[in-house]
Amino acid sequence: MKFTIKKLLLACLLTACFGNILTAKDIGLYLAPKFIFNIGDSGIQKEGDEKNTMNMYIGGGISIGYNFDVLSKYSTLRIEFEYLYRNPTPNNAYLNNIQSMQMHTFLAAAYYDINFIYINYDNKDSIRSVMHKGKRPVMSIYLGFLVGGALNTCIMNTIYEYNGLFKYSSYYNELQFLYGAGGGLAFHLTPVLSLDLGYRIILNLESKFTHDAAVSVRFNF
């Protein structure tokens with residue numbers, strides 16, 4: 001887990017450096033490291049508990065996207081592709097003798113941003129400043145939908161009795177189709193740097209759903 005966090009922090013640092021090297025633009029391509037907390041009903045009730053165990057995952061990843069000012073000068077349409085690794089917490093519960101399950105999700109998303117707070121920003125090199133006559137947005141809300149898949153690595157715990165108990169683990173991979181919807185708040189800290197606080201609900205073909213709380217930093221370049 002510590003190794004995963006270190007890799008994500010390194011990705012943030014490299015992204016920031018890369019964004020500063022290039023001539024950044026406030027409309028166009030962007031890169032966004034993401035951190036995520038996921039929770040969902042396991043469907044399993046442990047002995048002594050009154051409710052089902054809630055499975056939780058913590059992880060992160062990165063997304064790449066593109067801003068389009070095509071529908072309205074007050075709004076932005078974004079297309080985004082993301083990869084997230086989700087690491088399970090120790091108290092999760094699983095069926096079929098599964099001891100633990102790691103998740104890799106690959107999602108494509110479309111978001112519609114609605115800008116609603118502006119400040120003065122007179123910069124002829126800024127597309128947003130020119131479009132908004134010397135102003136730029138500092139806050140927006142966004143709504144969108146997602147579709148994609150998950151690669152789940154299921155780790156099995158098998159016990160054999162031979163002069164005592166011996167444990168060994170094996171694993172297998174399974175694929176899932178995912179879809180969902182989400183929204184959130186975006187704080188445009190600078191013309192090319194935005195902080196996103198988002199929520200998504202993700203479903204699979206069995207109509208089981210989980211909840212994502214995500215934090216990301218968007219670097220336009």
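In this predicted model, strand β4, spanning residues 98-120, is the main contributor to a nonpolar surface patch, giving 3 residues to it. The patch covers about 570 Å² and is built from F35, I114, F116, I117, I141, L185, L197 and V215. One of these residues, L185, sits in strand β6, which runs over residues 165-190. L185 is classed as partly exposed because its relative accessibility is 30%.

Next come the empty spaces. Rolling a probe the size of a water molecule over the atoms shows where such space is left. The largest pocket has a volume of about 720 Å³. Its lining comprises 29 residues, and those nearest the centre of the pocket are M101, E174, Q176, N204 and K208. Several strands share in this lining: β1 (29-41), β2 (54-68), β4, β6, β7 (193-204) and β8 (209-220) each provide at least two residues. Of these, β6 gives the most, with 5 residues. Sorted by class, the pocket lining holds 15 nonpolar, 9 polar and 5 charged residues.

The largest cavity has a volume of about 110 Å³. It is lined by 14 residues, with K34, Y111, Y142, D196 and S216 nearest its centre. Strands β1, β3 (75-88), β7 and β8 each give two or more residues to this lining. The classes here are 6 nonpolar, 2 polar and 6 charged residues.

Charged residues also meet one another in this model, and side chains of opposite charge can pair when their charged atoms come close. The structure holds 9 salt bridges. In one of them, R78 pairs with E80, their closest N and O atoms lying 3.4 Å apart, and both R78 and E80 are buried. In another, R200 is joined to E82, with 3.0 Å between the closest N and O atoms. This pair connects distant parts of the chain, since R200 belongs to strand β7 and E82 to strand β3, 118 residues apart. R200 counts as buried because its relative accessible area is 4%, and E82 is likewise buried, at 6%.

A further salt bridge joins the side chains of K208 and E206, at 3.9 Å from N to O. K208, one of the residues nearest the centre of the largest pocket, is partly exposed, with a relative accessible area of 48%. E206 counts as exposed, at 58% relative accessibility. Elsewhere, salt bridges with shared partners tie K34, R78, E80, E82, R86, D113, R200 and D212 into one network.

Key
Residues are numbered from 1 along each chain as its sequence is written. This is a predicted model: local features need pLDDT of at least 70, side-chain atom pairs count only at pLDDT 80 or more; totals for chains, interfaces and linings use all residues. Side-chain values use heavy atoms; hydrogens and water are left out. Patches are made of residues with over 30% relative accessible area and no salt bridge: like charges are joined within 9 Å, nonpolar side chains (Val, Leu, Ile, Met, Phe, Trp, Tyr) within 5 Å. Accessible areas come from the Shrake-Rupley method with a 1.4 Å probe; for residues, only the protein chains shown count as cover. A salt bridge is a side-chain nitrogen of Lys or Arg within 4 Å of a carboxyl oxygen of Asp or Glu. Helices (H or I, at least four residues) and strands (E, at least two) are DSSP runs, numbered from the N terminus. Buried means under 20% relative accessible area, exposed over 50%, partly exposed in between (1.4 Å probe, protein chains only). On a 1 Å grid over the protein atoms alone, a cavity is a set of points where a 1.4 Å probe fits but cannot get out, and a pocket is an open set with protein on both sides within 12 Å along at least five of seven lines; lining residues have an atom within 4 Å of a point. Grid points are joined across faces, edges and corners, and a volume is the space filled by probe spheres set on the points. Ala, Val, Leu, Ile, Met, Phe, Trp, Tyr, Cys and Pro count as nonpolar, Asp, Glu, Lys and Arg as charged, and the others, Gly among them, as polar.
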